[in-house]
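User: I should like to learn how to read the packing features of a protein model. Could we work through one together, feature by feature?

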Amino acid sequence: MAASAMLASTPLYAQKAYGPGVSDTEIKLGQSTPLSGPASAFGAGAGRAVVAYFEMLNEQGGINGRKINFTQLDNAYSAPKAVEQSRKLVEDVGVLAEVGTIGTAPNVAIQKYLNSKQVPQLFITAGGRRFNDPKNFRWTVPLYPDFETEGRVIAKYLLKTRPQAKIGVLYQNDDYGKDYLKGLRAGLGDKASQIVIEASYELADPTIDSQIVQLKSAGIDTLVDQSSSKAAAQSIRKVHELNWSPLHIIGGSTASVETILKPAGLDASKGLVTTQFLKQPGDPAWANDDEVKAYKAFLRKYAPSVNPDDYSVLVAYMNVHAVELVLRKCGDDLTRENLIRQATSLHGERLPMMLPGISISTKPDDYGAFKTLRIAAFDGESWSLTGDPMSAE
């Protein structure tokens, strides 16, 4: 065969293309997280798990032959500090992307800066609907079921199972609670008038007992409770103390058996309903599951001080798997542009620890990765999935 013919029949392989922080041997990534301050309970464990995961990956040879050079900085859950640390990661360290940043306030603070620099703000842990805005913030990609979607799923569940429900809502008075309430109302549609009463609380409030008493007095039979961890445990306990038995629905982020339900009381928690998308490692239902065993073994070896039942650790474990997934999809085209392209063109990808029937998909005009969630009920010992995966659409 002539040399020219051989050349013509030889496949053309993509040339290597490197963005900032990338070489033949390494990929620089960064993260700011609350290692101190009011959210350190979330940031410290989750942050350690992310560091540990990249340590494990590097021991195994890295990603496509490149080691991950990971820089983690403390933002103390302060918006100005978060911006300062993002600038340091981009301008001093020279990272390819900032990944897995926790919380609404820090992510809102850094969003404009990172987008102005065209630096991926990749797979953030924040459920605000505002982060799914590819038109205005193309470089910000969330990876957490947004709270509006969760509210819509619960609305569909109620329309299907309790069409005559008299609903009361307890919600945290910020985006965490308001987005959920917005989704609940939208999902109920012309049945939104079945929401008889809404009661809010502030994150700094020491107790929500008075709100629970107010909700009970309104004569509702269905309590939808979008509270953060301390308030959720208090509400479960207070409902039980009042000898009140509404259908009690709690947010998916507060469904941990070990860290929420046990402190509230397992007997008091019996009958709770929630949405889920990840297996709960402390739930007896998953005690013999291979993915749960692998998750716990990873933490025992690489981050023994971390509590495997910490929900923020579990979410961080999902996030870092997603980061690995899109980096592998990038191959040798490791530019910021291609990283965003791969992260926003996922089709039915399943990550370890996801529940059966749950996967993630993204599109360039819709970054919301989760379109379906599972409904689960607590029997006093563990969560049981009920029905098929439920779509918010």
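Predicted model: local features only at pLDDT ≥ 70, side-chain atom pairs only at ≥ 80, totals over all residues.

User: How is the ring pair of Tyr53 and Phe298 to be classified?

Analyst: One considers the distance between ring centres and the angle between ring planes, and planes over 60 degrees apart count as edge-to-face. For Tyr53 and Phe298 the centres are 5.8 Å apart and the planes lie at 75 degrees, so the pair is edge-to-face. This pair joins distant parts of the chain: Tyr53 belongs to helix H2 (residues 40-59) and Phe298 to helix H11 (residues 290-302), 245 residues apart.

User: How are Tyr295 and Tyr317 arranged?

Analyst: Tyr295 and Tyr317 also form an edge-to-face pair, with 4.8 Å from centre to centre and 70 degrees between the planes. Tyr295 lies in helix H11 and Tyr317 in helix H12 (residues 311-330), 22 residues apart, and the pair again links distant parts of the chain. Both Tyr295 and Tyr317 are buried.

User: Which residues do ring pairs link into a cluster?

Analyst: The cluster consists of Tyr53, Tyr295, Phe298, Tyr302 and Tyr317. The structure as a whole holds 11 aromatic pairs. A ring may also meet a charge: the charged end of Arg138 sits over the ring of Trp139, 5.0 Å from the ring centre.

User: What span should H2 have, given its number of residues?

Analyst: The expected span is 1.5 Å times one less than the number of residues. H2 has 20 residues and should therefore span 28 Å; its end C-alpha atoms are 28 Å apart, which agrees. After H2 comes Gly61, with a positive phi near 105 degrees.

User: How does one read the faces of a helix?

Analyst: An α-helix has 3.6 residues a turn, so residues three or four places apart point the same way. The buried residues of H2 include Gly45, Ala46, Ala49, Val50, Tyr53, Phe54 and Leu57. The packing partners of the buried residues of H2 are strand E2 (26-33), strand E3 (67-74), H11 and H12.

User: How do H2 and H12 cross?

Analyst: Two packed helices are described by the angle between their axes and the distance between the axes. The axes of H2 and H12 come within 8 Å and cross at roughly 35 degrees; the crossing is right-handed. Among the residues that meet there are Ala49, Tyr53 and Leu57 in H2, and Ala316, Tyr317 and Val320 in H12.

User: Where else may a helix crossing be read?

Analyst: Consider helix H8 (residues 229-241) and helix H9 (residues 257-264), whose axes come within 8 Å and cross at roughly 35 degrees. H8 passes H9 in a right-handed crossing. The contact involves Ser229, Ala232, Ala233, Ile236 and Arg237 of H8, together with Ile260, Leu261, Pro263 and Ala264 of H9.

User: Is Gln280 buried or exposed?

Analyst: With a relative accessible area of 5%, Gln280 is buried. Gln280 is found in the loop between strand E11 (273-276) and H11. Not counting residues up to four places away in sequence, Gln280 touches Ala255, Ser256, Trp286, Tyr311 and Trp383.

How values were computed: Residues numbered from 1 in each chain as written. Heavy atoms only, no water. Phe/Tyr/Trp six-rings, centres within 6.5 Å; stacked < 30°, edge-to-face > 60°. Helix = DSSP H or I, 4+ residues; strand = E, 2+ residues; numbered from the N terminus. Buried < 20%, exposed > 50% of the residue type's maximum accessible area, 1.4 Å probe, protein only. Lys NZ or Arg CZ within 6 Å of the ring centre and 35° of its normal. Contact = heavy atoms within 4.5 Å. Axes fitted to C-alpha atoms, helices over the stretch in contact; angles between N-to-C directions. Left-handed = near helix turned anticlockwise from the far one by under 90°.
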